[in-house]
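These are my notebook entries on a set of side chains that I looked up.

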Amino acid sequence: MGGTKRSQVSKKGAQAAPRPSARDRIFDAARVLFYRQGIHAVGVDSIAQEAGATKMSLYRAFPGKDELVAECLRQSEQEFWRWWDELVAPHAADPRAALLALFEAQTRKQRAPEHRGCPIANAAIELTEDAHPAREVVLEYNREKRRRLRDLCRRLGADAPELLADSLQLLMDGACVSRITLGATGPAASLHRAAAALIDAAVTATR
């Protein structure tokens with residue numbers, strides 16, 4: 001009897017879980033649609049429909065589509081830096097291991113069937129207007145990536161650390177584009193090995 005009551009309470013508790021707010025549903029739907037279909041291909045009607053909301057709800061939550069795009073990219077940026085920090089943290093004293101961990105994990109990402117490259121890099125190709133609110137997100141993300149790679153390459157003791165860092169950034173960004181054009185078995189599959197070759201060549205040159 002007591003077990004039945006507990007079961008009923010448990011079911012009621014599960015049923016009582018609050019539904020995400022209209023803003024959260026709109027935001028989550030927009031992120032998925034922008035990533036899968038592209039920013040310009042997705043309109044506010046599609047986002048509202050996917051979210052089970054109305055256009056009025058969308059405009060109450062966000063000033064407009066451009067600001068919604070910028071907010072989605074800010075979330076992607078935050079997730080990327082959390083991913084980065086978790087990967088390099090175990091290798092605080094070994095910059096080579098930290099770099100290789102980043103590129104190994106990036107290579108694994110490319111193999112995921114649903115992977116369509118970096119959402120911020122994809123947005124950078126679509127959003128060419130300097131006044132677009134998402135442009136600053138794109139620029140800050142890439143500046144920070146360059147700064148972090150340069151810091152690791154300087155600590156590595158590489159010859160021309162700035163050049164190595166820029167080469168690694170080009171490799172990382174290029175793999176995202178290659179994943180879209182030639183798939184997971186294209187050049188993106190060699191990302192980790194290519195990065196290791198660049199790193200080892202730069203370190204060997206200093207010895």
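Is Tyr141 buried or exposed? I found a relative accessibility of 3%, so Tyr141 counts as buried (buried is under 20% relative accessible area, exposed over 50%, partly exposed in between, with a 1.4 Å probe and protein chains only).

I note that this is a predicted model, in which local features need pLDDT of at least 70, side-chain atom pairs count only at pLDDT 80 or more, and totals for chains, interfaces and linings use all residues. Residues are numbered from 1 along each chain as its sequence is written, and side-chain values use heavy atoms, with hydrogens and water left out.

I next looked up Trp81, which counts as buried because its relative accessibility is 11%. The ring centres of Trp81 and Tyr141 are 5.7 Å apart with the planes at 40°, so this pair is tilted (rings of Phe, Tyr and Trp, the last by its six-membered ring, pair if their centres lie within 6.5 Å; planes under 30 degrees apart are stacked, over 60 edge-to-face, the rest tilted). Trp81 belongs to helix α5 and Tyr141 to helix α8, 60 residues apart (helices are DSSP runs of H or I, at least four residues, numbered from the N terminus).

I then turned to Arg148, also in helix α8 (residues 133-156). Its side chain makes a polar contact of 2.8 Å with that of Asp85 (a pair of N or O atoms within 3.5 Å; within protein, one must be able to donate a hydrogen and the other to accept it, and residues adjacent in sequence count only if both atoms are side-chain atoms). At 16% relative accessibility, Arg148 counts as buried.

Conventions. Helices (H or I, at least four residues) and strands (E, at least two) are DSSP runs, numbered from the N terminus.
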